[in-house]
Amino acid sequence: MNIFFVSSEAYPFSKTGGLADMAYFLPKSLNEANIKTRVITPYYAQIKKYADQMRYIGDKTIFVDEHEWSFHFYALDYGLTTYYFVQNMHFFERDKYYGYDDDVYRFAAFDYAVLELFSLINEYPTLLHLNDWQSAMIPYLLDTKYRSKNCGYQYIHTLLTIHNLQYQGSYDKKHFKLFSDTLDYTYIHFDSINFLKAGIERATKINTVSPNYRNEILTQNYGFSLDGALNNRSHDLFGILNGIDYDVWNSETDPNINHHYHLKNVIAQKRAIKKDLIKQYQLQKDVNVPLVAYVGRLADQKGVELIIEAVEDCVQNSNAIFIILGSGENHYEDQIRHLTHRFPHRVANYIGFNESVAHLIYAASDLFMMPSKFEPCGLGQMIAMRYGSLPVVTETGGLKDTVIPYNKYESSGTGFSFMNFSAKELKEQLYTAIDLYINHKIVFNKMVRQAMKQDFGLKQVGRAYEALYKMILEA
């Protein structure tokens, strides 16, 4: 197999979320299994710092409608994986990766550039692994413009991974000549161009990043208006659970924490780390109360309004302390700052993102909130369990696939879950977890060890994708 993994962001070069992590860990895992996998991603402004490590590959100029687009291609080896960077200063070297009025041009150009790269290097993939809307027009362009160019393009298969169906790449249909001479309803959805719909219609196979999310997006509640198109391809739609890199997320070796731990000494060492964090963030100096954390985007999807209401209630009706790390919508950032101002020794915050602080919070916390409205997979709950922090989650998407709910009759589980997207239900589970921590420590500690034993490592993720790749190529 010769795999090219196409992603609009790729750790450590560019990152806004979990897609970048997957663009790092999945190719890494596949290359370790001797499945040749390379990554193609845009050359953003932030990537310039790696310029002296890159090698120049070549140039391509293409004409699309009335536009002339030129690209420079560079390559860099990072570990076992080769990364190809698509450079166009006008389109990609900006302050942000997404959110511009001309994103339809930027990612149309990227999709063309990906396909142009193969004729430049005179090497063609057996399978193109595409990710989210930014690369989802590639199967359409491959079918309608490239397969007829030469035999190298004729036998390329495509897999489209949907990380979040909410983001679809929807634009005014006046831009249709970027893709075809006449309107093609392969990519038209509700009278707009829709990159993701094009990929759903044309990719050889499609997958989501958890089995439960695969089933959810076939319904109106979670389908974001594409449930019809997805149901038409349901026999080609699979769910593969994401995983985390245990070389990065490892409580025994993590350079971001001062006290390393494993199953046998987790309780004592986590207390020591919690003590450090409490001192650093000026929380009340009592390591015998539960520390409850959140790390992630401050967005509606993540249930931040539920978190804010639950924190305020729990501060007044329990002895728990809280820390929140994240950035996002301004009103959420302001509300979290206000909580810290009101309860300075009970609620701490870090507005923004800091990888080292995130590691510290996972290791120090006893409980981890993740009350998402919907969650294609989620990595936070997996990381939390790896570090012995019990997640409190909604039963949706990958959260339902990964967190075993607390069973008081069997003293079992790896976390706490609730069915409905509700502040009331989040608070009920938080109070259950806080009570267990305070009054039933033996049971709580047993759950901590059960959570740490869960295997969400890359090897099984790589094996699952390898099996799907083989199915695609054999078919």
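How many salt bridges does a search of the whole structure find? The answer is 26, where a salt bridge is a side-chain nitrogen of Lys or Arg within 4 Å of a carboxyl oxygen of Asp or Glu.

Okay, some housekeeping first. What you have up there is a predicted model, so local features need pLDDT of at least 70 and side-chain atom pairs count only at pLDDT 80 or more, while totals for chains, interfaces and linings use all residues. Residues are numbered from 1 along each chain as its sequence is written, and side-chain values use heavy atoms, with hydrogens and water left out.

Let's start with strand β14, residues 321–326. Strands here are DSSP runs of E, at least two residues, and helices are runs of H or I, at least four, numbered from the N terminus. Of the 6 residues in β14, 6 are buried. For burial, the cut-offs are under 20% relative accessible area for buried, over 50% for exposed, and partly exposed in between, with a 1.4 Å probe and protein chains only. In a regular strand, side chains alternate between the two faces of the sheet. In β14, I321, I323 and L325 point one way, F322, I324 and G326 point the other way, and all are buried.

Now the neighbours. Two strands pair if DSSP finds at least two bridges between them. On one side, β13, residues 291–295, pairs with β14 in the parallel sense over 5 bridges, and Y294 stands opposite I324. There's also β15, residues 347–351, which is parallel to β14 over 5 bridges; there I324 has N349 as its bridge partner. So what about the connections? From β14 the chain crosses through helix α11, residues 330–342, to β15, and this β-α-β crossover is right-handed. That label means that, with the strands pointing away from the viewer, the path from the first strand over the helix to the second runs clockwise. Likewise, β13, helix α10 (residues 304–317) and β14 make a right-handed β-α-β unit.

Next, the antiparallel part. Strand β3, residues 55–64, and strand β4, residues 67–78, run antiparallel and are joined by 9 bridges, with I62 opposite W69. They form a hairpin with 2 residues between them, and D65 in the turn has a positive phi of about 55°. Then β4 pairs with β5, residues 81–87, again in the antiparallel sense, over 7 bridges, and A75 has Y84 as its bridge partner in β5. That hairpin also has 2 residues between the strands, and G79 takes a positive phi near 65°.

Back to charges. Side chains of opposite charge can pair when their charged atoms come close. Take K60 and E116: their closest N and O atoms are 3.4 Å apart. K60 lies in strand β3 and E116 in helix α3, so the pair ties together parts that are 56 residues apart in sequence. E116 is buried, at 6% relative accessible area.

Another one is E93 with K48, at 3.3 Å between the closest N and O atoms. E93 sits in the loop between α2 and α3, K48 in the loop between β2 and β3, and they are 45 residues apart. Buried or exposed, what is E93? Buried, because its relative accessibility is 14%; K48, at 45%, is partly exposed.

There's a network too: K28, D245 and D247 are linked by salt bridges.

The pair I'd like you to remember is K274 and D366, which meet at 2.8 Å, N to O. K274 is in helix α9, residues 266–280, and D366 is in the loop between α12 and β16, 92 residues apart. K274 is buried, and so is D366.

That takes us to the cavity. On a 1 Å grid over the protein atoms alone, a cavity is a set of points where a 1.4 Å probe fits but cannot get out, and lining residues have an atom within 4 Å of a point. The count comes to 1 cavity of 30 Å³ or more. About 110 Å³ of space lies in the largest cavity, the volume being the space filled by probe spheres set on the points, which are joined across faces, edges and corners. Both K274 and D366 are in its lining, along with residues including R271, Y437 and F444. The elements giving two or more residues to that lining are α9 and α16.

Definitions and conventions
1 Å grid on protein atoms, 1.4 Å probe; cavity = no way out; pocket = protein on both sides within 12 Å on 5 of 7 lines; lining within 4 Å.
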